[in-house]
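Here is a walk through one structure, taken a part at a time.

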Amino acid sequence: MLENILLNQLTNCIKSGIVILNSKKKILFWNQWIENTAGITSKNALGKNIFLLFPNLKGSRLEYAIENSLTLKQSGFISHTINSNMLPLLEKNLRTGEEKKIIHNIRIYPLKNEMDKVIVFLHITDETSYVEKENILKQKAEDEKRLNLKLMQEITERLNIEKKLRLSASIIEKTTEGVLITDKNAIIEFVNPAFTEITGFTNLEAIGRKVSILKSGKHKSEYYDKMWQCLNNNKSWRGEFINKKPQGSLYVVESSIFTILNDSNEITHYVNIFHDITLRKEHEEKLKKLSITDSLTGLNNRRYFLDTFERIYNSCFRNKEYLSLAFLDVDFFKLYNDTYGHQKGDLCLKKIAEVIEKMIKRPDDVKARYGGEEFVVIMPYTDSKGSKRIMEEIRKEILNLKIPHEKSKVEKYVSISIGVVTIVPGPETLKKDLLNKADEAMYKAKKEGRNRVVSI
Amino acid sequence: MFKINEIQEDALKEAINISIGQAAASLNKMIKEEISLSVPSLKFTNEKEALSILKLEPEKELAYVSQKFIGKYLQTEAMLLFTEKDSLELVKLFIGDHIKVEEMSSLGQEAISEIGNIILNACIASLANILKDEISGTIPEFYSCKGENLFKAKEKEIIKQKILIIFIDFKIEIKKIQGYVILVLDLDSLGSFLDRLIKNLT
């Protein structure tokens, strides 16, 4: 009896469950801890079949192990880790009143009672705090792993970016396109070797200075204003610049400028990628010039004359200005060619052209070889008096060249007949008429004895 | 080495197979996936040759569950042995694949212990049945060590020459987990065990 009291006291001190079953699985002992956690007093538990108290455990691993213990005297170990069906034990938090499931293991030992009958001793241990600790550790490890993974990803990403950057950098270094990067205030921050090649500014000379050091002064300020406006609105601009090298020579570049924006969509940088098109421009100019120039005399050709005549006529028509038109024809030129040969003839025409070129200096005037030995001069804003005077000067100057022309029937030297007509273009006048009239005047000059100017 | 004849060996294997089948059934209850256990061969050997029979490197990390059983005819330490890698796979199988188990935690040890408990109890139960013996066992204990140290501690404990009965190719089919059931007996105990075994099997 004393032993029983001691056993009771002892088992009630233990913070784990102690249950003893008889061979019929009826509860013989039920300690304090299991009373509290199962919510069943020992008075209610004692003498009852454990699977009547916990019908859910029928067919569970616990039943199987208890069976084995009773019949085969085997010890069993049942762990919460692999068994979901365990005893419904709860722990009440005395402060908050919350109930928490008790995670537990059960050890099963076969014992023999005083009558040599097998009884089963269940030892139920609370593993809750243990599992919680382990879970925290596991969580920590998981977190750490996740962090490492994230770090790895970031590093890989950065390496990829660096790879790309290195690639871009080497492309920028090697390309023949000039690359110029400025900050938002157009202060140069970066230039590549091709920049130096094209502009003549080394990176030391360029970086830190305003991009306007490249300006040639060939563009009006509106040109740049428009560009900046376009850049700020459209974030990009394409066009040409005539720039100046530090040594003073001009060059033309074709530029693509785009902006770099920050996260708030504000411009932080301008990137200008450009190439030198000076040579191309020169070629274009040459070609253009060739197409409108008479190859022998260097004056404009008939086509150019016809194109510009229309333009000038219209301009004078609009402005109600005088327009003079002169036809100049070398006297007895066929005879000259027959006498001195075509080479001399060409030389003669060249010399005459030089005179016309020299005498007609105003930029708006047009002087052209109309065909054969015939030249034409357009003089806008010039009245009859003025045009006649200048034509007279040309006639004299040509005679003064003293180019011998022994077969000429008017002079010893090469002379010229000029017909000039002056009108103010109006609704009643016609372009064609003007040309015809000038031609008419020239024939009149021929008729009247050549080496003269006839003005209508 | 001690030998039992072919018929006896077959009978013993068959008996073990039946109880292993029962153990598998109770393991199946705990996990969703179907597992099957097989015991295709049986070897008698000593500790020195055990590793080579098991084809285990001395450096290999091992994990095992041990239980001691005492009956009238059989006194043995029964072991369920895995490589550490396979033991982790086994834990995963029970605890859940979503949890990454990379080293054996205490919880993992508990899981392995119970699995060992089920399998070893089943093996011993079938032997007890053949021997018509009452064999009581202790609670399972988990151990881990290198292959070369597997039997060292035991040698110091008992100087008596030991004999091992090894059930090779004990397989948990799913996941290709391979385990070994080893019964460690001392020489004295072996005689009475085999006598009784052979007598009851024939």
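A residue is called buried if 20 or more other C-beta atoms lie within 10 Å of its own, and exposed if 12 or fewer do. The model to which these terms are applied here is a predicted one.

Start with helix H14 of chain A, residues 431-447. At 1.5 Å a residue, its 17 residues should span 24 Å, and the end C-alpha atoms are 24 Å apart, which agrees. Buried in H14(A) are A:Leu434, A:Lys437, A:Ala438, A:Ala441, A:Met442 and A:Ala445. Viewed down the axis of H14(A), these buried residues fall within an arc of 135 degrees, so they line one face of the helix.

What do the buried residues of H14(A) pack against? Their partners are three strands of chain A: S13 (323-330), S16 (416-423) and S17 (453-455). On the face turned away from the buried side, H14(A) carries the exposed residues A:Lys432, A:Asn436 and A:Lys447. After H14(A) comes A:Gly449, with a positive phi near 120 degrees.

Now turn to the second chain. In chain A, 19 residues are in contact with 22 residues of chain B. On the chain A side, the elements that give two or more residues are helix H5 (61-72), strand S3 (76-78), strand S6 (104-112) and helix H6 (128-174). H5(A) gives the most, with four residues. By class, this side of chain A has seven nonpolar, eight polar and four charged residues.

Methods
Residues numbered from 1 in each chain as written. Chains lettered and ligands numbered in written order. Predicted model: local features only at pLDDT ≥ 70, side-chain atom pairs only at ≥ 80, totals over all residues. Expected span 1.5 Å × (residues − 1). Arc of directions from axis to C-beta. Contact = placed C-beta atoms within 7 Å. Nonpolar A, V, L, I, M, F, W, Y, C, P; charged D, E, K, R; others polar.
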